[in-house]
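Let us walk through this protein chain step by step. Keep the sequence and the 3D view side by side as you read.

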Amino acid sequence: GADQIKSSRLFPFRCFSAYEASKVDLAELQKIKDDPSYVPAKPAGKRGQKKRPANKPQKRIIPQVVPTQELLDSYKAALDMSVKLAVQNNVDHIAGTAAILLTCQGRWAATSLAK
């Protein structure tokens, strides 16, 4: 729990990485489980993302059990609490005056403001 996070000196970016990894398409996982030869459509590439060499096949993981949305939601809630505790207990406060400036340009502005 909270004491373990505090004593571990866990930094928030670890929780963010786990949270990002929990973003899965459950319908795609079910299709892979039902038919291991199923190959999902490739998502559009992201800027800055390294391309896998053509001669190196991607490792396929066939799930034995597909998690429920409720289970994923409970993981996300636990990770959210972990981030809050890690920031509260393991990140030093910024002394003095600090300014945080953000800029939203291009497609980022459209997606950020739409939410």
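This is a predicted model: local features need pLDDT of at least 70, side-chain atom pairs count only at pLDDT 80 or more; totals for chains, interfaces and linings use all residues.

Take the contacts in the protein chain with a separation of 6 or more: 83% of them join residues 24 or more positions apart.

Now look at the elements. The protein chain has 5 helices and 0 strands. Read from the N terminus, the order is α-α-α-α-α.

Next comes the surface. The chain has 115 residues, and 15% of them count as buried. The accessible surface of the protein chain is about 10,300 Å². Carbon and sulfur atoms hold 58% of that surface.

Two helices deserve a careful look. One is α2, residues 12-21. The other is α4, residues 69-90. For α2 and α4, the angle is about 165 degrees, and the axes lie 8 Å apart. An angle over 145 degrees counts as roughly antiparallel, so α2 is roughly antiparallel to α4. The crossing of α2 and α4 is left-handed.

Which residues make the contact of these two helices? From α2 come P12, C15, F16, A18 and Y19. From α4 come K76, L79, S82, V83, A86 and V87. Sort the residues of this contact by type, and you get 9 nonpolar, 1 polar and 1 charged.

Now find Y19 of α2 again. A77 is found in helix α4. Along the sequence, A77 and Y19 are 58 residues apart. In space, their C-alpha atoms are 9.4 Å apart. A78 is also found in helix α4. A78 and Y19 are 59 residues apart along the chain, and 9.6 Å separates their C-alpha atoms.

Are A77 and A78 buried, exposed or in between? A77 has a relative accessible area of 47%, so A77 is partly exposed. A78 has a relative accessible area of 43%, so A78 is partly exposed as well.

Finish with S22. Where does S22 lie? S22 sits in the loop between α2 and α3, and α3 covers residues 26-34. The relative accessibility of S22 is 10%. Buried means under 20%, so S22 counts as buried. Leave out residues up to four places away in sequence, and S22 touches L72 and K76.

Note on methods. Residues are numbered from 1 along each chain as its sequence is written. Side-chain values use heavy atoms; hydrogens and water are left out. Helices (H or I, at least four residues) and strands (E, at least two) are DSSP runs, numbered from the N terminus. Buried means under 20% relative accessible area, exposed over 50%, partly exposed in between (1.4 Å probe, protein chains only). Contact means heavy atoms within 4.5 Å. Accessible areas come from the Shrake-Rupley method with a 1.4 Å probe; for residues, only the protein chains shown count as cover. Axes are lines fitted to C-alpha atoms, for helices over the stretch in contact, and angles run from 0 to 180 degrees between N-to-C directions. Angles under 35 degrees count as roughly parallel, over 145 as roughly antiparallel, 65 to 115 as roughly perpendicular and the rest as oblique. A crossing is left-handed if the near helix is turned anticlockwise from the far one by less than a right angle, and right-handed if clockwise. Ala, Val, Leu, Ile, Met, Phe, Trp, Tyr, Cys and Pro count as nonpolar, Asp, Glu, Lys and Arg as charged, and the others, Gly among them, as polar.
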